[in-house]
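Here is a note for a colleague who is meeting this structure for the first time. Please keep the sequence and the model open while reading the points below.

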Amino acid sequence: MMNRKSYFSLFEWAIIIILALASALINTYLPIKSITEYFGIPGPAAGMALFGGVIFVLWISLAYRITRKKYSAIITSVFIAFICLLIHPWYGITEPAWFSIYALAALLGVGVIIELTESRPSWLAILGGGLGNLSCLAITWLAIGFHTGIWIPTGAAPFLILGAIVSGSVGVLLVRGISPLIKWR
């Protein structure tokens, strides 16, 4: 019988799971909706647009930077989706019963874009974080709109689109700033 070695070491799996758990818990317990409502920023998903860089992108990008292995951003994003969905349905929407599949699609989009751009020149990786957050937002907006009829007000959309790009870019910038300080290898 062949003894196969896992692609990720136990340490790398632990990093991926811990970072995914941190992201999911921040998404769940940070009062993002209250913050956006307090400032009169319309939704849906205004919090994702403005804070997605810190909620999702940072953790997915950090997993990639720490493990330095292909697929770590994708796997981290999938774990974030699954952990979020274990805590509550995506945006609290339960009809149709399969609506939460959009959480997987949205976060997988972030993971794939970060995976494709993280090892590229810095400016492209930073832009990738912004585009990853924007893809997550777009998938979520479309899902909510088609299934609930609640659409983002057209006047707020450009501000939130720009906010999503900036927020996601900031998430990667934060990782680029802190990763040299972390001694893991």
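Is alanine 45 buried or exposed? Alanine 45 is buried, because its relative accessible area is 7% and buried means under 20%. Please bear in mind throughout that this is a predicted model.

1. **Alanine 45 and its backbone.** Start with the loop between H2 and H3, where alanine 45 is found. Its phi is positive, about 65 degrees, although alanine 45 is not a glycine. Proline 44 has its place in the loop between H2 and H3 as well. The peptide bond that leads from glycine 43 to proline 44 is cis, and its omega is near 15 degrees.

2. **Proline 42.** This residue also has its place in the loop between helix H2 (32–38) and H3. Proline 42 counts as partly exposed, at 32% relative accessibility. Leaving aside residues up to four places away in sequence, proline 42 touches Ile152, Pro153, Ala156 and Leu160. Where does valine 170 sit relative to proline 42? The two are 128 residues apart in sequence, and their C-alpha atoms are 22 Å apart in space.

3. Look next at the loop between H4 and H5, where proline 96 lies. The peptide bond from glutamate 95 to proline 96 is cis, with omega near 0 degrees.

4. **Tyrosine 71.** The loop between H3 and H4 holds tyrosine 71. Its phi is near 75 degrees, a positive value in a residue other than glycine. Tyrosine 71 counts as partly exposed, at 45% relative accessibility.

5. **Serine 72.** Move on to helix H4 (residues 72–87), where serine 72 has its place. Is serine 72 buried or exposed? Serine 72 is buried, because its relative accessible area is 0% and the cut-off for buried is under 20%. Apart from residues up to four places away in sequence, serine 72 touches Phe8, Ile16, Ala63, Tyr64, Thr67 and Glu115.

6. **H3 against H5.** How do the axes of helix H3 (residues 46–67) and helix H5 (residues 101–117) cross? They come within 10 Å and cross at roughly 45 degrees. That angle makes H3 oblique to H5. The crossing of H3 with H5 is right-handed. On the H3 side, the contact is made by Phe56, Val57, Ile60, Ser61 and Tyr64. On the H5 side, Leu107, Val110, Gly111, Ile114 and Glu115 take part. Sorted by class, the contact of H3 with H5 has 7 nonpolar, 2 polar and 1 charged residues.

7. **H5 against H6.** The axes of H5 and H6 come within 8 Å and cross at roughly 165 degrees. Why is H5 called roughly antiparallel to H6? The crossing angle makes it so, because angles over 145 degrees count as roughly antiparallel. H5 and H6 cross in a right-handed way. The H5 residues in this contact include Tyr102, Leu107, Val110 and Thr117. They meet H6 residues, among them Leu124, Gly128, Cys136, Ile139 and His147. The contact of H5 with H6 divides into 12 nonpolar, 8 polar and no charged residues.

8. **The largest core.** How many residues does the largest nonpolar core have? It has 38, and those with the most contacts inside it are Phe56, Trp90 and Leu160. Helix H1 (10–29), H3, H4, H5, helix H6 (122–148) and helix H7 (157–178) each supply at least two residues of this core. The largest share, 8 residues, comes from H3.

9. **Phenylalanine 56.** This residue deserves a separate look. Not counting residues up to four places away in sequence, phenylalanine 56 touches Ser23, Asn27, Met48, Ile80, Trp90 and Leu107. Phe56 also belongs to the H3 side of the contact with H5.

10. **A separate core.** There is a second core, separate and made of 8 residues. Its members include Ile15, Trp59, Ala63 and Val175. Ala63 is also one of the residues that serine 72 touches.

How values were computed. Residues are numbered from 1 along each chain as its sequence is written. This is a predicted model: local features need pLDDT of at least 70, side-chain atom pairs count only at pLDDT 80 or more; totals for chains, interfaces and linings use all residues. Side-chain values use heavy atoms; hydrogens and water are left out. Axes are lines fitted to C-alpha atoms, for helices over the stretch in contact, and angles run from 0 to 180 degrees between N-to-C directions. Helices (H or I, at least four residues) and strands (E, at least two) are DSSP runs, numbered from the N terminus. Angles under 35 degrees count as roughly parallel, over 145 as roughly antiparallel, 65 to 115 as roughly perpendicular and the rest as oblique. A crossing is left-handed if the near helix is turned anticlockwise from the far one by less than a right angle, and right-handed if clockwise. Contact means heavy atoms within 4.5 Å. Ala, Val, Leu, Ile, Met, Phe, Trp, Tyr, Cys and Pro count as nonpolar, Asp, Glu, Lys and Arg as charged, and the others, Gly among them, as polar. Buried means under 20% relative accessible area, exposed over 50%, partly exposed in between (1.4 Å probe, protein chains only). A nonpolar core is a set of buried Ala, Val, Leu, Ile, Met, Phe, Trp, Tyr and Cys residues joined through side-chain atoms within 4.5 Å.
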